[in-house]
Amino acid sequence: MRLLIAIFAAITAFAADPPPRIVYTKSFPGSTPAFVSITVERDGRVIYKEAVDDENPIKLQLAPADADAIFATVEKLDRFKRPLESGLKVANMGAKTFRFEQGREVHETKFNYTVDQDGALLADWFERVIETEQLFINLERAVRFDKLGVNQALLRLEAWWDRKRIVAERQFLPLLDRVRKNESYLHMARERAEVLAAVFRGEAPKSTQ
């Protein structure tokens, strides 16, 4: 009987323990954007904000393997229980914070620059998120208000993809499909959108040459 009670208590405690999340913030006045907040849930859901009170955040979904890799890196960093700031005299690169949350367990570390390999890797991943969402915002704006500028926005997206800087590329598919199916956009833009949509879906793309 005692064993059953102990097992039930353990199961209840486990079930009550919420999944972990990571929150990254960066404040860098004078840059674009000047502030970002990126929340990553354990199931891969991501919320991207450019203001603390952002009423229209961007939501995206990571592939399970990508979410696993991010949280594995967080474990290597001891869930941010230890400092990451290098202490070196370097230029201001923005005030950054890594925060780990899981129920009552909360740890965070702040830094400008780190020489920790895993810390730098994680910081670069968040920079990729920022770069990706800037491209998303620019493409969305062009699709809605500047049809002649869509091809240039797609060229930039293609360049960043070639540099392996894009995160959660499937978030672009609704925009790419809108462009490739609509003859009101330039032919070259529709062709490029079709290629990128195929690549982002994992299909064999047509050549844009």
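A residue counts as buried here when its relative accessible area is under 20%. With that in hand, welcome to this chain, which is a predicted model. Its secondary structure comes to six helices and six strands, and from the N terminus on the elements run α-β-β-β-β-α-β-β-α-α-α-α. The notes below go from the whole chain to the sheet, then to the helices and a few individual residues.

**The chain as a whole**

- The chain has 209 residues, and 39% of them count as buried.
- Its accessible surface comes to about 12,400 Å², with 54% of that area belonging to carbon and sulfur atoms.
- Among contacts with a separation of 6 or more, 55% are made by residues 24 or more positions apart.

**The sheet: overall layout**

- Six strands make up an open sheet, ordered S4-S3-S2-S1-S5-S6, with antiparallel pairing.
- The edges are taken by strand S4 (58–61) and strand S6 (105–111); each has a single partner strand, so one side of each is left without a neighbour in the sheet.
- From one strand to the next, the twist averages 15 degrees.
- As background, strands of a sheet pair through backbone hydrogen bonds, either parallel or antiparallel.

- S4 pairs with S3 in the antiparallel sense over four bridges, and glutamine 61 in S4 is the bridge partner of arginine 45.
- Strand S3 (residues 45–49) also pairs with strand S2 (residues 35–41), again through four bridges in the antiparallel sense; here valine 46 in S3 stands opposite valine 40.
- S2 and S1 run antiparallel and are joined by seven bridges, with isoleucine 38 in S2 as the bridge partner of tyrosine 24.
- On to S5: seven bridges join S1 to this strand, and the two run antiparallel.

**Covered and uncovered parts of the strands**

- Which residues of S4 lie on its covered face, and which on its uncovered one? Ile58 and Leu60 are on the covered face, whereas Lys59 and Gln61 are on the uncovered face.
- S5 is largely enclosed by the rest of the structure, because six of its eight residues are buried.
- Serine 37 lies in strand S2 and has a relative accessible area of 12%, so this residue is buried.
- Setting aside neighbours within four places in sequence, serine 37 is in contact with Val23, Tyr24 and Thr25, and also with Ile47, Tyr48 and Lys49.

**Helices around the sheet and beyond**

- H2 lies across strand S1 (21–27), S2 and S5, and runs at about 80 degrees to S1.
- Helix H5 (residues 173–180) has Leu173, Leu175, Leu176, Asp177 and Val179 as its buried residues.
- What covers the buried residues of H5? The cover includes helix H3 (117–145), helix H4 (150–162) and helix H6 (187–201).

- Leu88, Val90, Met93 and Val115 make a nonpolar surface patch of about 340 Å².
- One of these residues, valine 90, is found in the loop between helix H2 (64–76) and strand S5 (95–102).
- Is valine 90 buried, partly exposed or exposed? Its relative accessibility is 35%, so valine 90 counts as partly exposed.

Key
Residues are numbered from 1 along each chain as its sequence is written. This is a predicted model: local features need pLDDT of at least 70, side-chain atom pairs count only at pLDDT 80 or more; totals for chains, interfaces and linings use all residues. Side-chain values use heavy atoms; hydrogens and water are left out. Patches are made of residues with over 30% relative accessible area and no salt bridge: like charges are joined within 9 Å, nonpolar side chains (Val, Leu, Ile, Met, Phe, Trp, Tyr) within 5 Å. Accessible areas come from the Shrake-Rupley method with a 1.4 Å probe; for residues, only the protein chains shown count as cover. A salt bridge is a side-chain nitrogen of Lys or Arg within 4 Å of a carboxyl oxygen of Asp or Glu. Buried means under 20% relative accessible area, exposed over 50%, partly exposed in between (1.4 Å probe, protein chains only). Two strands pair if DSSP finds at least two bridges between them. Axes are lines fitted to C-alpha atoms, for helices over the stretch in contact, and angles run from 0 to 180 degrees between N-to-C directions. Contact means heavy atoms within 4.5 Å.
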